[in-house]
Amino acid sequence: MSDAVASAVVRLHEAGIPDPTNEARRLAALAAEQGTDLADLVARRVTHEPFSHIKGRRAFWKHDFVVTADVLDPRPDTETLVEIALTLPFDRVLDLGTGSGCILLSLLAERRSTTGVGVDISAAALQVAKTNAGITQTEEQVQWLESDWFDAVEGTFDLITSNPPYITEAAYADLDPTVQRYEPRIALTPGGDGLAPYRLIAQQGAKFLAPDGYVLLEIGFDQGDSVQSIFKVSGWRDISCIPDLNGKDRVIRAKSPN
Ligand SMILES: C[S@@+](CC[C@H](N)C(=O)[O-])C[C@H]1O[C@@H](n2cnc3c(N)ncnc32)[C@H](O)[C@@H]1O
């Protein structure tokens, strides 16, 4: 290990960055790739700025997505939702709370004859999603809509996907500083018990789904029972909870009540 990397390990350790040795090596590789100073990158990382923001990209499914402080960093857990969606038939997809666009654009890139609408309440997030449509070469397949959930949505879809903000108000206060300081609050928590977006989708989603269409929703590991009940009481059919690769409840799948 060079002196520069060794001193980076010490600084990262002192700042409380997890796994500082690995992090120093990743930053050194990035510094070499970008032709920048390792010390400059370390100075950013010790403030808990995420590695993905320093790099400007985050790998998700089959692409390297642009990420900024205006969007949630795509998480590997969310790939479970993409995998399940690809077992279903669809021509037209609605993605609610699209953020970087990682779910919708991954689906459209896998199925070139399909189209989709990506909704977000954040205009800044939609700008990032637009850039990512260029990266995934899906510009012709996608439309973006600034909307509070379904408010501005028109038409019907075969599939609705969403990874809504679902962290409870209380759990938000305990999040890691890397997440709390650098990712938008609106992308992480809807406040209260974290379930408001599921209640809204259960109540309004059927209007926007073709007969026998599905919703696929990412959930927190401890929300499986609550979200399944929410959909059951609204008359949704064929409701199931699917675990991620770590065996944790991760996705709710439900068929339209129509
Ligand atoms: C957990 S992030 C998911 C981002 C992306 N789909 C992903 O999986 O990485 C939730 C997204 O929902 C958006 N959002 C929050 N409240 C919303 C609302 N009322 N209407 C529409 N989008 C909303 C946030 O701006 C954020 O982009």
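Author: Let us begin with contact: two residues are in contact if their C-beta atoms, placed from the backbone, lie within 7 Å. Please bear in mind that this is a predicted model.

Reader: Which residues of helix 1 meet helix 3?

Author: Ala4, Ala8, Arg11 and Leu12 of helix 1 meet Leu38, Val42 and Arg45 of helix 3. By class, this contact of helix 1 with helix 3 comprises five nonpolar, no polar and two charged residues.

Reader: How is the geometry of such a pair expressed?

Author: Two packed helices are described by the angle between their axes and the distance between the axes. Here, helix 1 (residues 3-14) and helix 3 pack at an angle of about 10°, and their axes are 10 Å apart. Helix 1 and helix 3 are therefore roughly parallel to each other.

Reader: At what angle do helix 2 and helix 3 pack?

Author: The angle between helix 2 (residues 20-34) and helix 3 (residues 38-45) is about 130°, with their axes 9 Å apart. Angles over 145 degrees would count as roughly antiparallel; the angle in this case therefore makes helix 2 oblique to helix 3. The crossing of helix 2 and helix 3 is right-handed. Helix 2 contributes Glu23, Leu27, Ala28, Leu30 and Ala31 to the contact, while helix 3 contributes Leu38, Leu41, Val42 and Arg45. By class, the contact of helix 2 with helix 3 has seven nonpolar, no polar and two charged residues.

Reader: Is the arrangement of helix 11 and helix 12 roughly parallel or oblique?

Author: Helix 11 (residues 196-204) and helix 12 (residues 224-233) pack at an angle of about 25°, with their axes 9 Å apart. That makes helix 11 roughly parallel to helix 12. Their crossing is right-handed. In helix 11, Tyr198, Arg199 and Ala202 meet Val227, Ile230 and Phe231 in helix 12.

Reader: In what sense do strand 4 and strand 5 pair?

Author: Strand 4 and strand 5 pair in the parallel sense over five bridges. Valine 142, in strand 5, is the bridge partner of glycine 116.

Reader: Finally, how many residues surround the ligand?

Author: The ligand is surrounded by 22 residues, of which the closest are Gly97, Gly99, Ile121, Asn163 and Ala187. The elements that give two or more residues to this shell are helix 6 (102-110), strand 4 (115-120) and helix 10 (185-188). By class, the shell around the ligand has 13 nonpolar, seven polar and two charged residues.

How values were computed
Residues are numbered from 1 along each chain as its sequence is written. This is a predicted model: local features need pLDDT of at least 70, side-chain atom pairs count only at pLDDT 80 or more; totals for chains, interfaces and linings use all residues. A residue is near a molecule or strand if its C-beta atom, placed from the backbone, lies within 6 Å of it. Helices (H or I, at least four residues) and strands (E, at least two) are DSSP runs, numbered from the N terminus. Ala, Val, Leu, Ile, Met, Phe, Trp, Tyr, Cys and Pro count as nonpolar, Asp, Glu, Lys and Arg as charged, and the others, Gly among them, as polar. Axes are lines fitted to C-alpha atoms, for helices over the stretch in contact, and angles run from 0 to 180 degrees between N-to-C directions. Angles under 35 degrees count as roughly parallel, over 145 as roughly antiparallel, 65 to 115 as roughly perpendicular and the rest as oblique. A crossing is left-handed if the near helix is turned anticlockwise from the far one by less than a right angle, and right-handed if clockwise. Two strands pair if DSSP finds at least two bridges between them.
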